[in-house]
Amino acid sequence: MLLGDVSWTHSLWVKRFLLRLAQVRAAEVGKPLLYSTNQGFTAFIDSQGRVVANKTPKAHTAALDVDVPISLSQTRYTTWGSDWLGWLFFGVIMMTLLVPRQRFAQTRSIFKSE
């Protein structure tokens with residue numbers, strides 16, 4: 001469950017942006033998420049980040065009734081965390097440092113033999 005405090009803004013685009021962030025978080029961890037704000041907007045987001053149901057009450061109270069599917073699958077983020085991303089960046093940096101040097105050494109040896 002994700003509780004949001006949106007009383008500090010009256011901009012609709014900010015509220016939509018915060019909902020999009022909740023959708024990204026649900027897809028990132030691969031788990032369904034219930035998003036609720038202090039101004040009464042409630043949404044159920046499935047494990048792929050899609051808004052399945054939402055409620056914007058005109059009164060002070062509202063209820064959202066949804067069936068929550070159980071998913072046993074895991075995403076890369078929940079399995080390995082963010083460590084794999086660091087190793088990926090390290091590998092890319094090492095490749096960019098090593099590949100140009102090898103090509104330069106090959107072209108230098110060609111010119112030396114002439």
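1. Basis of the model. Because this is a predicted model, local features need pLDDT of at least 70 and side-chain atom pairs count only at pLDDT 80 or more, whereas totals for chains, interfaces and linings use all residues. Residues are numbered from 1 along each chain as its sequence is written, and side-chain values use heavy atoms, with hydrogens and water left out.

2. Overall make-up. The protein has three helices and four strands, where helices (H or I, at least four residues) and strands (E, at least two) are DSSP runs numbered from the N terminus. Read from the N terminus on, the elements follow the order β-α-β-β-β-α-α.

3. Surface and contacts. Of the 114 residues, 22% count as buried; buried means under 20% relative accessible area, exposed over 50%, and partly exposed in between, with a 1.4 Å probe and protein chains only. The protein exposes about 9,200 Å², of which carbon and sulfur atoms supply 62%, the areas coming from the Shrake-Rupley method with a 1.4 Å probe, and for residues only the protein chains shown count as cover. Among contacts (heavy atoms within 4.5 Å) between residues at least 6 apart in sequence, 38% join residues at least 24 apart.

4. Strand 3 and its partners. Strand 2 (residues 33–37) and strand 3 run antiparallel and are joined by four bridges, and strand 3 also pairs with strand 4 in the antiparallel sense over four bridges; two strands pair if DSSP finds at least two bridges between them. A43 in strand 3 is the bridge partner of Y35, while F44 has A53 of strand 4 as its bridge partner.

5. The two faces of strand 3. In a regular strand the side chains alternate between the two faces of the sheet. Here T42 and F44 point one way from strand 3, A43 and I45 point the other way, and all are buried.

6. The hairpins. Four residues lie between the strands in the hairpin of strand 2 and strand 3, where G40 takes a positive phi near 100°. The hairpin of strand 3 and strand 4 has five residues between the strands, and there G49 takes a positive phi near 90°.

7. D46 in its loop. D46 is found in the loop between strand 3 (42–45) and strand 4, and with a relative accessible area of 10% this residue is buried. Leaving aside residues up to four places away in sequence, D46 touches A26, K31, P32 and V52. The side chain of D46 also reaches the backbone nitrogen of R50 at 2.7 Å, and D46 forms a salt bridge with R50, their closest N and O atoms being 2.9 Å apart.

8. The salt bridges. The structure holds two salt bridges, each defined as a side-chain nitrogen of Lys or Arg within 4 Å of a carboxyl oxygen of Asp or Glu. Besides the pair of D46 and R50, the side chains of E28 and R25 meet at 2.6 Å, N to O. E28 and R25 are three residues apart in helix 1 (residues 12–29), so about one helical turn separates them. E28 is partly exposed at 31% relative accessible area, and R25 is partly exposed at 37%.

9. A63 in its loop. A63 is found in the loop between strand 4 (51–55) and helix 2 (76–80), and at 61% relative accessibility A63 counts as exposed.

Definitions and conventions. A polar contact is a pair of N or O atoms within 3.5 Å; within protein, one must be able to donate a hydrogen and the other to accept it, and residues adjacent in sequence count only if both atoms are side-chain atoms.
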